[in-house]
Amino acid sequence: MRVAFFDSGIGGLSVMHRALSMLPADEFIFFADEDHVPYGVRSPDEVLTLVDDAFRFLMTLDVNAVVVACNTATSAAVREMRRRYDIPIVGMEPAVKLAFDLYGARKVLVTATPITINGEKIKRLIARLDRAEYVELLALPNLVDFAERQEFESDAVEEYLRRALAPYDLKNFSSIVLGCTHFNYFKDTLRKILPSNVRFVDGNEGTLRELARRMNIKPSAPRGRIGVKYFYSCRAIEGAAELDRIEKYLRRLDRMLDID
């Protein structure tokens, strides 16, 4: 079984990183559209075109399923990709329901990119949960740029987050939903700013469990070492410098696992 993980950039590694420990696949493909990142500040039509280009390429690799490890791309393009391609396609959405399931009817701060925050998909999700009075939405587009250049703990990152979070009385919130896969790299910096009552919630594990359900497999420890092939915008990544860049992200994600 060959599973592709697709994202506008390097954020989707956080989903594949989780899959390495729970999905018994034979091979993973990681595709980051580094030529066009970020998606979150583009129009929905632009994102749809970019996602379709990526899917056309992924189909040449004979993948058995695609995880759209990008909330923005899911919002703008997953429905159309499912119409065009007859394989399991699993998207992501901000894990608002999970936050309520875990912490009850308490306030939740949902962070994501502008296209996700302003999209109809998240509005429908909140309406379906009938908890609109408990949900606040916050776009954090600069975190994508910080993540892409591996700037995670700088003064600039901390100042950006402190300024963005300042309007919220965080002692009244149960959780912060990381509604963009790039945001998982910043849990340590966020932990410095957030009060201890605010917990992190993301949709990574739920997305992978949905993939396992669609593929009719049981989430479990992988069968030995899974091979991974990396692509940036249809270009195979084989050089030592780029592979080392990816490895640095994976090591950081190892550290983020212990932060809640």
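**Cysteines and overall form of a predicted model**

Student: In this predicted model, how many disulfides are counted?

Tutor: The count is zero disulfides. Cys 70 takes part in none; its nearest cysteine sulfur belongs to Cys 180, 6.5 Å away.

Student: What makes Cys 70 count as buried?

Tutor: The term buried applies under 20% relative accessible area. Cys 70 has a relative accessibility of 4%, so it counts as buried.

Student: Is Cys 180 buried or exposed?

Tutor: With a relative accessible area of 7%, Cys 180 is buried. Of the 260 residues of the chain, 54% count as buried.

Student: How do you know whether the radius of gyration of the chain agrees with that of a compact globule?

Tutor: For 260 residues, a compact globule would have a radius of gyration near 18 Å; the chain has 17 Å, and therefore the two agree. The C-alpha atoms fill a box of roughly 50 × 40 × 35 Å along the principal axes.

Student: What secondary structure does the chain have, and what share of its contacts between residues at least 6 apart in sequence join residues at least 24 apart?

Tutor: The chain has 11 helices and 10 strands. Of those contacts, 78% join residues at least 24 apart.

Definitions and conventions
Residues numbered from 1 in each chain as written. Predicted model: local features only at pLDDT ≥ 70, side-chain atom pairs only at ≥ 80, totals over all residues. Heavy atoms only, no water. Disulfide = S-S within 2.5 Å. Buried < 20%, exposed > 50% of the residue type's maximum accessible area, 1.4 Å probe, protein only. Helix = DSSP H or I, 4+ residues; strand = E, 2+ residues; numbered from the N terminus. Rg over C-alpha atoms; globule rule 2.2 N^0.38 Å. Contact = heavy atoms within 4.5 Å.
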